[in-house]
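User: I'm new to reading protein models and would like to know where the labels come from. Could you walk me through them?

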Amino acid sequence: MTTAGGAVRERTRPVRRPRASNDRGRPVLRRFPLPARLVGYAMVLGLGLLYLLPFVLQLVTGFKTDPDAAAHPLALLPTTPTTAAYQRLFGLSRAAEGVPFLRWLGNSALVAVLVTAGRVLFDSMAGYALARLRFRGRSVLLGFVIAVMAVPGVALLIPKFLVLNTFGIFDTYTGMILPLLVDAAGIFIMKQFFESVPREVEEAARVDGAGVFRIFWSVVLPMARPALITLTILSFQGSWNEFTHFLVSTQSGQYETLTTGLARFVSGGLGGGTQYPLKLAAALLSTIPVAALFFCFQRYFVSGANAGAVKE
């Protein structure tokens with residue numbers, strides 16, 4: 001840059017200070033002051049305890065008596081601990097009428113296992129077909145699957161009832177299980193994962209003489225274990241907690257599941273009074289299978305949920 005006197009002056013540039021880094025060259029994150037960190041930890045701990053409070057109350061109330069639960073609903077310790085609620089649920093009590101909890105549990109387990117197995121099989125097959133096979137109408141079919149995901153389930157209650165009644169499978173196990181064997185969300189999850197699988201693996205198997213189904217079953221499907229575990233957890237949880245479908249597909253008490261049975265129980269269909277210990281004990285037992293399944297496979301669930309987000 002030339003000044004008025006003819007002298008040449010170099011243009012100065014602002015000097016950037018290098019970021020602080022450790023021995024490995026990685027930038028060092030700035031840590032908040034100790035008081036701010038303590039406040040943050042206290043807030044996180046408080047929110048966690050507030051989230052766990054309903055579950056603790058549910059567990060404790062199951063060991064209370066009916067008068068104790070009505071008089072002290074928020075007490076964290078029962079005045080007189082008792083297992084009368086659990087004895088009545090499992091039919092071990094002779095003093096009061098039993099609750100068909102074991103029948104509800106058996107129906108829920110049967111439906112959940114069959115629906116989960118069907119969804120894992122059919123959703124993975126449909127997802128692989130939409131991801132790898134080229135056929136006429138593939139884009140239209142994919143758009144239809146995505147559109148089904150946008151339809152509220154409540155809008156399909158009356159059509160479901162009419163279809164089940166027309167085919168003569170209303171109030172049967174077939175009517176409870178068959179409409180739930182395929183899920184649009186599961187098809188989409190598996191399609192996204194199969195698109196992230198390298199095509200070279202399939203081409204190598206095809207060179208060795210493997211057909212489409214053999215490539216899917218023996219090569220690609222074993223690689224989709226994280227997505228399959230994710231689909232298994234979601235399918236089991238969805239079928240175990242399903243309520244509206246069972247409400248329109250069954251009528252007899254012998255086909256009641258945990259969700260429909262507990263709904264009738266809470267509404268007063270199995271006796272009068274509050275019966276808080278009995279209701280909360282039944283609700284606690286119904287949540288254990290899903291919680292145990294999730295905690296056992298949560299590592300695969302997280303990796304499977306992220307699978308397919310980045311295509312290679």
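Predicted model: local features only at pLDDT ≥ 70, side-chain atom pairs only at ≥ 80, totals over all residues.

User: What makes Arg264 and Glu256 a salt bridge?

Analyst: Their side chains come to 2.7 Å, N to O. The limit is 4 Å, so the pair passes.

User: How many salt bridges does a search of the whole structure find?

Analyst: Three. One of them joins Arg132 to Glu202, with the closest N and O atoms 2.4 Å apart. Arg132 sits in helix H4 (residues 101-132) and Glu202 in helix H9 (residues 199-207), so this pair ties together parts that are 70 residues apart in sequence. Both Arg132 and Glu202 are buried. By the way, helices (H or I, at least four residues) and strands (E, at least two) are DSSP runs, numbered from the N terminus.

User: What about Glu195 and Lys191, where do they lie?

Analyst: Both are in helix H8, four residues apart, which is about one turn of the helix.

User: Why are H5 and H8 called oblique to each other?

Analyst: Two packed helices are described by the angle between their axes and the distance between the axes. The axes of helix H5 (residues 138-150) and helix H8 (residues 184-195) come within 8 Å and cross at roughly 130°. Axes are lines fitted to C-alpha atoms, for helices over the stretch in contact, and angles run from 0 to 180 degrees between N-to-C directions. Under 35 degrees counts as roughly parallel, over 145 as roughly antiparallel, 65 to 115 as roughly perpendicular and the rest as oblique. H5 and H8 are therefore oblique.

User: How do you know that Tyr51 is exposed?

Analyst: Tyr51 has 58% relative accessibility, so it counts as exposed. You'll find Tyr51 in helix H1 (residues 34-61).

User: What makes Ala84 and Met125 partly exposed?

Analyst: Ala84 has a relative accessible area of 41%, so it gets that label. Met125 gets it too, because its value is 34%. Ala84 is in helix H3 (residues 84-89), while Met125 lies in helix H4.

User: And what is the phi of Asp171?

Analyst: Phi is near 65° there, a positive value in a residue other than glycine. Most residues other than glycine have a negative phi. Asp171 is in the loop between helix H6 (157-166) and helix H7 (173-177). With a relative accessible area of 15%, Asp171 is buried.

Technical notes
Residues numbered from 1 in each chain as written. Heavy atoms only, no water. Buried < 20%, exposed > 50% of the residue type's maximum accessible area, 1.4 Å probe, protein only.
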